[in-house]
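Reader: I am new to protein models and would like a close look at a single part. Could you walk me through it, and then show me how the chains meet?

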Amino acid sequence: MEWETVIGLEVHIQLATQSKIFSGAATAFGAAPNTQACAVDLAMPGTLPVANEAAFRYAVMFGLAVDAEIATTSVFERKNYFYPDLPKGYQTTQLAKPIVGRGHVDVQLAGGDSKRIRIHHAHLEEDAGKSLHEDFHGMSGIDLNRAGTPLIEVVTEPDMRSAEEAVACARKLHSIATSLGICDGDMSQGSMRFDVNISVRPRGDKTLGTRTETKNLNSFRFIEEAIKLEVARQIDLIEDGGRVVQETRLYDGDSKTARSMRSKEEANDYRYFPCPDLLPVVLEADYIDAIAKQLPELPDARQSRFVNEYGLSTYDAAALSSDAAGAAFFEALVAACGDAKQAANWLMGEVSARLNADERHIKDSPVSAAQLGGLIARVLDNTISGKMAKQVFEVMWKDGGDADTIIANQGLQQVSDTAALEAMVDAVIADSAKQVDNYRNADPAKRPKMLGYFVGQIMKASKGQANPQILNKILLKKLEPKNK
Amino acid sequence: MERADIEKLAELARIEITDATIDEVTRSITEVLQLVDQLQTADTQGVEPMAHPLDAVQRLRSDTVTETDQHAAFQNLAPAAEAGLYLVPKVIDQSDLIGTVE
């Protein structure tokens, strides 16, 4: 039987506000435990929430970017459950009246196809703290720094039909959030977390199969792996005569396995009700219009601009425009070196490879756009070869410094002086009588290959610094058979 | 309301109801629900449901950090703290494995 996969996403996006959604405590990542958890975050008796305007502004920005209706009146509710990292005993969230209504994103698929994924809604809520279970005499340690950090939870319709489409949608949401500047996008720190709802059904069926939810995936690779694993599990199960049970599953990216955490029967009953501590939030049309007018450039617009302005291919433009920081780096690099194609090649080649190897994001690149631009400029004006540029880049990455200083310190300038190159060529020819004879007597079609020997000798003699274009010209001239 | 419903609610709310009182609690909650049933007979057609009894809207504050680090004072109130963390009896349930809000 042919199976069809049906996928929907729930995405938690941490908003890049300075302070929490309901208190004036800081949200910075990595602070010492509990130093950013104030009396409100700790749910001390008598404290009351006061809502943060920036969280609403960011949620509205997201809503406008996905072409959604913005609710002029939105309401907070309490989602009740007991857990030590949730001191109030409920999460303040939205249910019946979320701030962002129906919208959509368009994603690019391999082969150039585009697909529209509908967004069901997005709501504002608070994040919980963190529990640490190791080494506290049988007790758990609770860090509430993250408690109260504003989140938007984006819920899509089950519109995706493959892992590829789900990853494309996840990347698009990441790209939109970082381009808007409402989220730092750092998935390794939990700034964006994905829950994936997966079901399968015989192709052609109209009704949906029973779904499972794989929770808290924090990389695009894990999303892809977890979906493929779960789809295979469900198909195997059904083909063996079993039934998929509605349950929550957890994927382990290290062992590449998943396990069940909770079935529907054990599911919590959250007993939602409107939060009496918070009044309905009403956003005036003027407020929303003002945000719309100041919306930053979105990924789709930036991609077309990169094609038109820099003459990039759609593929290159997509790769360079998806991440806001990466796009800014690219534009600064073009400004510094004046060559968009070179800038694109360097970013997608050397820079991307080094960033991946070091597990760094481009915003933490040790080499700035100005430094790299200076280096590319030296390739463009033939001071160094492309090969040497990679050497200079390595030094720059490790030790810093500008291209000219590194080139001078390492003595890497290309020898482009014709007289000096001619002298080197003469010396090699004098020492290689046999090879010269062979070359001159060879079929002209075979000569280009034989030239490699002489180029190699001179590169060795010049420590690789001979300008290859000029060297080639001189060699061809000097090796020309004299008796013809 | 059945006794089992009350037991389930008590567990969700982490409230202990002893065998001696459970029948009484069941009876009084049933009475409250009868009152709710009576209220629900009122005609509310065309009435926008209220999210809050006050006819007012939420005021928003500006996004500035106004709180200072007072964890030392808070941790003095806590039954147990170590390495800056509040210590609690170990509870590992499912939501913890996810380590996140739902």
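Author: In residues 328-479 of chain A, the end C-alpha atoms lie 49 Å apart, and the span is 74% helix and 0% strand. Helices (H or I, at least four residues) and strands (E, at least two) are DSSP runs, numbered from the N terminus. An unreviewed UniProt entry annotates residues 328-479 of chain A as "domain: Asn/Gln amidotransferase"; such annotations may be inferred rather than shown by experiment, and positions follow the numbering used here, with feature names shortened.

A word on the source: this is a predicted model, where local features need pLDDT of at least 70 and side-chain atom pairs count only at pLDDT 80 or more, while totals for chains, interfaces and linings use all residues. Residues are numbered from 1 along each chain as its sequence is written, with chains lettered from A and ligands numbered from 1 in the order in which they are written.

Now to the meeting of the chains. Chain A brings 56 residues to the contact and chain B brings 39; two residues are in contact if their C-beta atoms, placed from the backbone, lie within 7 Å. Among the elements giving two or more residues on chain A's side are helix H1 (53-65) and strand S8 (139-143) of chain A. S8(A) gives the most, with five residues.

S8(A) also runs antiparallel to strand S2 (residues 85-89) of chain B, joined by four bridges; strands pair if DSSP finds at least two bridges between them. There, A:Met139 stands opposite B:Pro89 in S2(B).

Finally, the model scores ipTM 0.86 and pTM 0.82.
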